[in-house]
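Dear colleague,

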Amino acid sequence: MSTVQATTVSCPHCGRTNRVPVAAEGRPRCGHCKQPLPWVVDAGDDDFTEVAERADIPVVVDLWATWCGPCRMVSPALEQVATELAGRIKLVKVDVDKNPRLSRRFEVQAVPTLLILDKGETVARQAGAAPAPALRQWVEQTITTREG
């Protein structure tokens, strides 16, 4: 995979569209207003190391499947959390059906399974859907504990 791959993100502060690389150092910022941007990307078996494990900020990994109703419910909540915590986390979404090696590696037995990685190390894990406030609290508690 090449770090030139990018996704487009609308800045929640000024509304401008920005290209954000799927893998890069640092934290993405809006080219116009310089505010932190939500970092939401997809990853798979072939690029997970570069996209998720080498990130220098905590990574929330959403292991999901297209056929999973709770996954479809939790996805917008996770994107909301990624927007609220822009500059502090990266959200990486992994379709377990298309990426069996990652599914086996993380021993996914139910979807959605959520992980928090810090420098490639799994520091928190939970299975099942939850509302955005509960997800945000879980993420913030985990990353605050790791920072402190």
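Among the 30 residues of the largest nonpolar core, F48, V61, L63 and V92 touch the most other members; such a core is a set of buried Ala, Val, Leu, Ile, Met, Phe, Trp, Tyr and Cys residues joined through side-chain atoms within 4.5 Å, where buried means under 20% relative accessible area, exposed over 50%, and partly exposed in between (1.4 Å probe, protein chains only). At least two residues of this core come from each of α1 (48–53), β4 (59–64), β5 (90–95) and β6 (113–118), helices (H or I, at least four residues) and strands (E, at least two) being DSSP runs numbered from the N terminus. A second, separate core has 18 residues, including L78, V81, I89 and W138.

Please bear in mind that this is a predicted model, in which local features need pLDDT of at least 70 and side-chain atom pairs count only at pLDDT 80 or more, while totals for chains, interfaces and linings use all residues. Residues are numbered from 1 along each chain as its sequence is written, and side-chain values use heavy atoms, with hydrogens and water left out.

Turning to the cysteines, the count comes to one disulfide, defined as a pair of cysteine sulfur atoms within 2.5 Å. C68 and C71 form this link with their sulfur atoms 2.5 Å apart, it is right-handed with 85° about the S-S bond, and both residues are buried. The sulfur of C30 is too far for a bond, because the closest cysteine sulfur, in C14, is 3.6 Å away; C30 counts as buried, at 1% relative accessibility.

Best regards
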